[in-house]
Amino acid sequence: MPDAPRPAETPMTTSGGEEKLEDCIALCLSGGGYRAMLYHLGTLWYLSDVGYLPKLARISSVSGGSITSGTLAVNWAKATASPQGFKDNLVTPIRRMASTTIDKKSILGGIFLPGSVSDRIIKNYKKLLFDDRTLQDFPDSPRFVINATNVQTGSLFRFSKPYIGD
């Protein structure tokens with residue numbers, strides 16, 4: 001049985017405050033694992049080629065889109081400096097990641113060897129994409145926002161340079 005329609009006066013958010021809109025250009029990168037990671041690489045490559053990437057004020061992402069977004073964020077200055085910088089600092093690392101299987105080794109190693117599965121996955125992401133860089137290595141502009149779900153509460157959890165939280 002379908003849910004009853006919501007009355008028109010029911011708010012769509014629980015914030016209770018005034019809605020704050022910003023006059024800027026934003027890009028949203030969706031999820032879908034490695035396929036999303038590669039799809040969004042193509043999207044960003046096009047935006048870079050047509051000179052639109054530097055016009056973005058905010059880049060928001062989730063799941064596989066966040067792999068590409070995070071890689072772009074930590075390499076922003078180099079990746080937007082030139083077409084070759086884009087290829088060297090975004091295309092090459094993402095392609096290297098896409099050609100590497102990290103889940104099987106990480107799971108088996110986490111089960112049969114000392115350490116956890118997540119430790120092994122983190123090690124691979126550091127090796128292939130991020131080194132020891134953190135959110136503080138993201139540029140101030142554009143604002144990169146990585147979105148996830150807090151599995152304890154079911155609410156949105158956001159990661160960005162200036163803030164982390166539900």
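Guide: Helices (H or I, at least four residues) and strands (E, at least two) are DSSP runs, numbered from the N terminus. The protein chain has six helices and five strands. This is a predicted model, where local features need pLDDT of at least 70 and side-chain atom pairs count only at pLDDT 80 or more, while totals for chains, interfaces and linings use all residues. Residues are numbered from 1 along each chain as its sequence is written, and side-chain values use heavy atoms, with hydrogens and water left out.

Visitor: In what order do the elements of the protein chain run from the N terminus?
Guide: The order is β-α-β-α-α-α-α-α-β-β-β.

Visitor: What share of the residues counts as buried?
Guide: Buried means under 20% relative accessible area, exposed means over 50%, and partly exposed is in between (1.4 Å probe, protein chains only). Of the 166 residues in the protein chain, 34% are buried.

Visitor: Which residues have the most contacts inside the largest nonpolar core?
Guide: They are L44, L53 and L72, in a core of 27 residues. A nonpolar core is a set of buried Ala, Val, Leu, Ile, Met, Phe, Trp, Tyr and Cys residues joined through side-chain atoms within 4.5 Å.

Visitor: Which elements give two or more residues to this core?
Guide: They are β1 (26-29), α1 (33-49), α2 (64-74), α3 (76-79), α4 (83-98), α6 (117-130) and β3 (143-149). The most comes from α4, with five residues.

Visitor: What does L44 touch?
Guide: Contact means heavy atoms within 4.5 Å. Not counting residues up to four places away in sequence, L44 touches L27, L29, L53, T68, L72, F86 and L90.

Visitor: And L47, where does that lie?
Guide: L47 lies in helix α1. It counts as buried because its relative accessibility is 13%. Leaving out residues up to four places away in sequence, L47 touches L27, Y52 and L53. L27 and L53 are also among the residues that L44 touches.

Visitor: Let's stay with α1. Which of its residues are buried?
Guide: The buried residues of α1 are A36, M37, H40, L41, L44, L47 and S48. They cover an arc of only 140 degrees around the axis, so they sit on the same side of α1. The arc is that of the directions from the helix axis to the C-beta atoms.

Visitor: Why would residues a few places apart point the same way?
Guide: An α-helix has 3.6 residues a turn, so residues three or four places apart point the same way.

Visitor: What do the buried residues of α1 pack against, and what is on the face turned away?
Guide: The buried residues pack against β1, α2 and α4. The face turned away from the buried side carries the exposed residues R35, Y39, Y46 and D49.

Visitor: What span should α1 have?
Guide: The expected span of a helix is 1.5 Å times one less than its number of residues. With 17 residues, α1 should span 24 Å, and its end C-alpha atoms are 24 Å apart, which agrees.

Visitor: What follows α1?
Guide: G51 follows α1, and its phi is positive, near 75 degrees.

Visitor: New topic. How many salt bridges does the structure hold?
Guide: It holds three. A salt bridge is a side-chain nitrogen of Lys or Arg within 4 Å of a carboxyl oxygen of Asp or Glu.

Visitor: What is the N to O distance between D132 and K126?
Guide: Their side chains meet in a salt bridge at 3.6 Å, N to O. D132 counts as exposed because its relative accessibility is 65%, and K126 is partly exposed at 39%.

Visitor: Which residue forms a salt bridge with K161?
Guide: That is D140, with the closest N and O atoms 2.9 Å apart. K161 lies in the loop between β4 (156-159) and β5 (164-165) and D140 in the loop between α6 and β3, so the pair ties together parts that are 21 residues apart in sequence.

Visitor: Which residue pairs with R133?
Guide: R133 forms a salt bridge with D131, and the closest N and O atoms are 3.6 Å apart.

Visitor: Last one: how many disulfides are there?
Guide: A disulfide is a pair of cysteine sulfur atoms within 2.5 Å. By this rule the count is zero. As for cysteines, C24 is partly exposed at 34% relative accessibility, and C28 is exposed at 63%.
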